[in-house]
Amino acid sequence: MTHASPLDGIEPDIVARAARVRLACFDVDGVMTDGGLYYSDAGHEAKRFHVLDGLGLKLLLASGIEVAVITARDTPAVNRRMRDLGIRHVFAGVPDKRACMLALAQQLRLDSAQVAHVGDDLPDLGLMSAVGFAVTVAGVHPRIAAVAHWQTGKRGGDGAVREVCELILAAHGLLDAAIARFRQ
């Protein structure tokens, strides 16, 4: 069985942008999750993360692409999930996502053209306008879609992050090697 490449049907400009990415940044609510906020009667918050997305993030890391999470909300569930995935650049409770990304890029000696950000709502606009590859997920507000270079086919929390990870890896020529590790 032959599988379609994540690059099939993708415009050359998008592939070129993805190929420059050395740091992939992600929002959480609405990107890594479905955007719903689940509260128990005791006031505890829960989030649903998709395992496909988690493996995609691990594939990026294993392939040498830096991963960061930049989110306006600070919750224990996010910190726990990112720790479980081995993501060390986690910035929670961030009021200015753009400034946070610029500081991290400088620390990693990258310019903004080498950075991707996946966002879904107004707090992501400044950051999305500052990166070389701005991505959003399916079903977002038109104002967000208008600033994105590319939009996933899947919604946040339902495999959209995996789509982005595979696109970046394929654009770098690293996807087949990343997948091959699982065939051994």
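Hi everyone, let's start with a meeting point between two helices: Ile14, Val15, Ala18 and Ala19 in helix H1 meet Leu167, Ile168 and Ala171 in helix H7. Sorted by type, the residues of this contact are seven nonpolar, no polar and no charged. Before I go on, please keep in mind that this is a predicted model.

How do H1 and H7 cross? H1 covers residues 12-20, and its axis comes within 8 Å of the axis of H7, with a crossing angle of roughly 85°. Angles of 65 to 115 degrees count as roughly perpendicular, and therefore H1 is described as roughly perpendicular to H7.

Now let's stay with H7 and bring in another helix. H2, residues 51-62, packs against H7 at an angle of about 25°, and their axes are 7 Å apart. The cut-off for roughly parallel is under 35 degrees, so H2 and H7 are roughly parallel to each other. The crossing of H2 past H7 is left-handed.

Which residues make the contact between H2 and H7? From H2 we have Leu52, Asp53, Leu55, Gly56, Leu57, Leu59 and Leu60, and from H7 come Ala160, Val161, Arg162, Cys165, Ile168 and Leu169. By type, the residues of the contact of H2 with H7 are ten nonpolar, one polar and two charged. If you have the structure open, find Ile168: this residue of H7 takes part in the contact with H1 and in the contact with H2.

What is the order of its strands? Reading across, it goes S5-S4-S1-S6-S7-S8, six strands in an open sheet with parallel pairing. At the edges sit S5 (89-92) and S8 (150-151), each of which pairs on one side only.

Let's look at the S5 end. Strand S4, residues 66-71, runs parallel to S5 and is joined to S5 by four bridges. To find one of them, go to threonine 71, whose bridge partner in S5 is alanine 92.

Finally, let's step back to the whole chain. The protein chain has eight helices and eight strands. Along the principal axes, its C-alpha atoms fill a box of roughly 50 × 35 × 35 Å. For 184 residues, a compact globule would have a radius of gyration near 16 Å, and the chain's value of 16 Å agrees with that.

Technical notes: Residues are numbered from 1 along each chain as its sequence is written. This is a predicted model: local features need pLDDT of at least 70, side-chain atom pairs count only at pLDDT 80 or more; totals for chains, interfaces and linings use all residues. Side-chain values use heavy atoms; hydrogens and water are left out. Two strands pair if DSSP finds at least two bridges between them. Axes are lines fitted to C-alpha atoms, for helices over the stretch in contact, and angles run from 0 to 180 degrees between N-to-C directions. Angles under 35 degrees count as roughly parallel, over 145 as roughly antiparallel, 65 to 115 as roughly perpendicular and the rest as oblique. A crossing is left-handed if the near helix is turned anticlockwise from the far one by less than a right angle, and right-handed if clockwise. Contact means heavy atoms within 4.5 Å. Ala, Val, Leu, Ile, Met, Phe, Trp, Tyr, Cys and Pro count as nonpolar, Asp, Glu, Lys and Arg as charged, and the others, Gly among them, as polar. The radius of gyration is taken over C-alpha atoms; the globule rule is 2.2 Å times the number of residues to the power 0.38.
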